[in-house]
Amino acid sequence: MKILLLTFLLVITQCICLKAQTPTPNPANGQIVCVGEDKFYGDSPLNPTSAYLFTIIPAQAFIIIGQQIEVIWSTSGVYTMTMTETNLAGCQFTTTATITVNPNVLASVTNSTICENSPCFPIAGLNLGSNPVFSGVGVVGNTFCPNGLPPGSYVINVTGTTANSCPINGTGTITIAPLPTGIINTN
């Protein structure tokens with residue numbers, strides 16, 4: 001009788017463990033994010049009676065919020081996140097996800113010196129992305145128009161996104177030089 005009861009308990013425990021080991025799809029696997037993005041990760045659906053343990057390699061800080069974690073990705077690279085679920089029967093299932101964190105791009109507007117009252121010209125620079133947005137005094141669309149501006153230095157800002165939707169930010173300076181003044185003298 002004891003053997004039959006023990007066998008019955010082992011079969012029930014095995015069934016419970018097999019059920020816990022059926023993973024749900026992991027949409028985080030293959031995810032591409034940007035430095036500074038705030039993301040939440042966890043099982044789907046969460047099992048309210050299970051305990052979850054998370055690790056990220058290489059090390060990345062995260063905050064445990066109930067049975068999920070919140071990650072604010074701080075460094076670019078490829079990370080492996082591991083989630084281990086332990087159910088009430090003590091059975092465990094472990095799943096992993098690979099997450100690529102792309103860097104934010106630092107753009108730069110080409111520093112230029114031009115003469116007062118020069119014609120408008122296209123703003124140039126490095127790492128501007130495909131649709132940069134320029135701002136600053138004298139900026140009209142993607143051009144700088146110095147007409148009517150006094151001599152001095154003007155900061156030009158640029159924002160945009162990369163092909164992976166990561167932010168692009170940068171600045172540059174355009175300096176307007178005064179026109180020389182001269183007087184024709186006679187002896």
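Here are a few numbered notes on spots to look at in this structure, which is a predicted model.

1. **The salt bridge.** Start with the charged side chains: this structure holds one salt bridge. Glu37 and Lys39 are the partners, and their closest N and O atoms sit 3.5 Å apart.

2. **A nonpolar patch.** Next, find Phe40, Ile63 and Ile65 on the surface. These residues form a nonpolar patch, and together they have about 280 Å² of accessible area. Where does Ile65 sit? Look in strand β4, which covers residues 63-65. Ile65 has a relative accessibility of 37%, and therefore it counts as partly exposed.

3. **Two cis peptide bonds.** Before you look at these, a bit of background: most peptide bonds are trans. Now go to Ser44 and Pro45, which are joined by a cis peptide bond with omega at about 0 degrees. Pro45 belongs to the loop between β2 (38-41) and β3 (51-57). Then move along to Ile57 and Pro58: a cis peptide bond links this pair as well, with omega at about -5 degrees. Which loop holds Pro58? That would be the loop between β3 and β4.

4. **Asn127 and its phi.** Backbone angles deserve a look too. Most residues other than glycine have a negative phi. Asn127 is not a glycine, yet its phi is positive, at about 55 degrees. You can find Asn127 in the loop between β11 (125-126) and β12 (133-135). With 48% relative accessibility, Asn127 counts as partly exposed, because that label runs up to the 50% cut-off.

5. **Ser165 and its phi.** Ser165 has a positive phi of about 70 degrees, and it isn't a glycine either. Its place is the loop between β15 (152-161) and β16 (167-177). Why does Ser165 count as exposed? Its relative accessibility is 56%, and exposed means over 50%.

Definitions and conventions:
Residues numbered from 1 in each chain as written. Predicted model: local features only at pLDDT ≥ 70, side-chain atom pairs only at ≥ 80, totals over all residues. Heavy atoms only, no water. Patch = residues over 30% accessible without salt bridge, like charges linked within 9 Å, V, L, I, M, F, W, Y side chains within 5 Å. Areas by Shrake-Rupley, 256 points an atom, 1.4 Å probe, with all protein chains shown as cover. Salt bridge = Lys/Arg side-chain N within 4 Å of Asp/Glu carboxyl O. Helix = DSSP H or I, 4+ residues; strand = E, 2+ residues; numbered from the N terminus. Buried < 20%, exposed > 50% of the residue type's maximum accessible area, 1.4 Å probe, protein only.
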